Amino acid sequence: MTATDTSATETRRFEAEVEQVLKLVTHSLYSHKEIFLRELVSNASDALDKLRFEAIAKPELTAGDTDLHVEISFDKTARTLTLRDNGIGMSRDEVIENIGTIARSGTRRFLDALTGDARKDTQLIGQFGVGFYSTFVVADSVTLVTRRADLPAEAAVRWTSAGTSDYALDTVTEARRGTTITLHLKPEEDEFLDAWKLRSLVGKYSDHIAFPIRMAKEKHDDDAETADVEIETINHASALWARPKSELSDSDYTAFYKHAAHAYDEPLAWTHNRVEGNQSYTSLLYLPTQAPYDMAFSGRDERKGLKLYIRRVFIMDASEHLLPAYLRFVRGVIDSDDLPLNVSREILQENKLVAQIRSGLTKRTLDLIESLATDHPEKFATFWSNFGAVLKEGVAEDHGNRERIAKLLRFASTKGEASTTTVSLDDYIARMKDGQDTVYYITADTFAAAAGSPQIEALKARDVEVLLMGERIDEWMMGYLHEYAGKKLRNVAKGELDLSKLGAVDEAGEKEADAAAKPVVERIKTLLGAKVKDVRASKRLTESASCIVVDEYDMAPHLKRMLKAAGQDIPDSAPALEINAQHALVQRVANEADEDLARDIAVLLLEQAQLLEGAALDDPAAFVKRMNALIAR
Ligand code: ADP
Ligand code: MG
């Protein structure tokens, strides 16, 4: 080792969560132990990418050593395996921050996924890798010597740990920039002291790394005399996305996904394209299988996973500039031939070329999702259950692609299986009834509440399908979707419901029924007074006694409640009540001579409707009292 010690050793404890991870890792089964090499090579490649980027503004960083690469070597006698990169390196603070704490994404996600069941958690290590700490699966001690490219030789750092509870830090002198990691292998891990084995692992996991990974050629007994060691490159060493599709296998794409997206799941699908024209770029976009842990709504602004390269130089993670928010689950790389190397986020925001790339990538992504929907229904179902709610934002936000996105939507339906979201608008339209020109849907707090809504009874009775929407975003999204494929979309809980086109409506009979219902409607209106905005005889109800309706352009009550709960200032307004004049309870109001009793029943009709709609009653105690009094009579 060229590093020389110039300071006293400082011993530090790992952050508690790091200890937890280390324990798990070191006590784990050995079925996935070889992934440590993939993790180390991946880190080295990231460090080389970072250096190349910083060197755009500061070329002196690479001066004298422009051959960016990774070297692997081993020493059978000392039982050590060494990985060296001449990348960006780390300062002392960065070592403490990056290797001693858990702020990093990969490990954080791993911790979140832990179940507490040792056997399952052990398997997670295989899936997640948990980065640098994987080294302790095969090593009983690890030494990392690193010097940041912009710091002097004397500011290098040596970090050593046995992977238990603490690590040691020294300041050392190291002439070469970058990072050298030396693993002292556990007694039973001799297989990693073998050139053939290492070479095959690099081929399996790291072939796609864009920098050369080099190793000494295996010496045979007969050339033991040769003084010079022949070094060779053992990976493909070119940017994977720049290679022709025909050369790449599924496992190449998968390995690259895991590296580029820092992901530990398998990609669900990908699309790899080269665009030539007034500007040229290559894109390789992936749909993940699992939702990244940070994809929640709060993650809309700090999106990650789409890397921007310019002529093979990694520039930055630029997901928020290259894709709309509703496609924030997409992972991959874009490599532009035309953008200037010194782009900043500000430039990206305004650049016309970027806007073109963005719309191109949006199209590609929608193409990819569409092809899943048509050709791989099972994969599409996985996609939909993990990302459907995010994609729905696009209906509101991407006017230009609204129809395409709407085509991808899947809903639960009165004709589908309970609460499985598999019905598309096209499915619905294909089985519409003769004369039906409208797609009917209902939104509620949950699928079950939607399915049990009294407002859909009349349609169900006429065998007309109703889409059932129970996701938070549905009511907001549907506010932007009034038409699809020439058909109107209509919330059945809102406004007047016109069933005349659906046949079996006897207009004269209806008029007569309306007239007959008039006295009881008026009576209930009087009894309820200011509690309601209006009372009407319903065309929606066949079984239930009553339901709440809102005007066609009003917000659904459950959305109002949600916004209120979120602290928004939503004015209270009395609901409109529809009643089923045929229902026994309604008829009792009509015929009840006792005014107080009639009022109690009328209030119950209102409260029932509110409960069915998912609202909490203003005065539940009074409701129970009234109910009990009626039952006891
Ligand atoms: P991740 O790669 O997911 O961030 P790792 O555990 O693999 O997690 O690495 C932790 C961090 O340590 C990296 O993010 C990086 O900042 C730093 N690091 C690891 N290896 C190197 C290296 N060879 N050169 C520079 N920094 C490194
Ligand atoms: Mg890593």
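Here is a friendly conversation about a predicted model and the terms used to describe it.

Me: Let's begin with the layout. Which domains does the chain have, and where do their bounds come from?
Reply: The assignment gives domain 1 (4-233), domain 2 (240-382), domain 3 (409-502) and domain 4 (510-632). Such bounds come from an automatic or database domain assignment. Taken over C-alpha atoms, the centres of domain 1 and domain 4 are 69 Å apart.

Me: Why is Gly452 called partly exposed?
Reply: Buried means under 20% relative accessible area and exposed means over 50%. Gly452 has 43% relative accessibility, so it counts as partly exposed. You will find Gly452 in the loop between α16 (447-451) and α17 (457-461). Its C-alpha atom is 37 Å from that of Leu114, and 338 residues separate the two along the chain.

Me: What makes β16 and β19 edge strands?
Reply: Look at the order of the open sheet of 5 strands, β16-β18-β17-β20-β19, in which the pairing is mixed. β16 (412-413) and β19 (483-484) each have a single partner strand, so one side of each has no neighbour in the sheet.

Me: How do you know that β17 and β20 pair?
Reply: Two strands pair if there are at least two bridges between them. Strand β17 (residues 438-443) and strand β20 (residues 487-491) are joined by 4 bridges, so they meet that requirement, and they run parallel. Thr438 stands opposite Lys488 in β20.

Me: What makes α19 and α22 roughly perpendicular?
Reply: Angles of 65 to 115 degrees count as roughly perpendicular. The axes of helix α19 (residues 507-528) and helix α22 (residues 595-613) cross at roughly 90° and come within 9 Å, which makes the two helices roughly perpendicular. On the α19 side, the contact is made by Arg523, Ile524, Leu527 and Leu528. The α22 side includes Glu595, Ala598 and Arg599.

Me: How do you know that the largest nonpolar core lies between domain 2 and domain 3?
Reply: Domain 2 (240-382) and domain 3 (409-502) both give residues to this core, so it lies between them. The core has 71 residues, and those with the most contacts inside it are Leu287, Phe329, Phe383 and Leu391. Helix α11 (residues 352-375) gives the most, with 8 residues.

Me: Which residues does Leu391 touch?
Reply: Not counting residues up to four places away in sequence, Leu391 touches Tyr326, Leu327, Phe329, Leu366, Ile369, Phe383, Trp384, Ile405 and Leu408. Another core, of 59 residues, lies apart from the largest one; among its residues are Phe14, Ile35, Leu81 and Leu198.

Note on methods. Residues numbered from 1 in each chain as written. Chains lettered and ligands numbered in written order. Predicted model: local features only at pLDDT ≥ 70, side-chain atom pairs only at ≥ 80, totals over all residues. Heavy atoms only, no water. Buried < 20%, exposed > 50% of the residue type's maximum accessible area, 1.4 Å probe, protein only. Core = buried A, V, L, I, M, F, W, Y, C linked by side-chain atoms within 4.5 Å. Contact = heavy atoms within 4.5 Å. Axes fitted to C-alpha atoms, helices over the stretch in contact; angles between N-to-C directions. Parallel < 35°, antiparallel > 145°, perpendicular 65-115°, else oblique.
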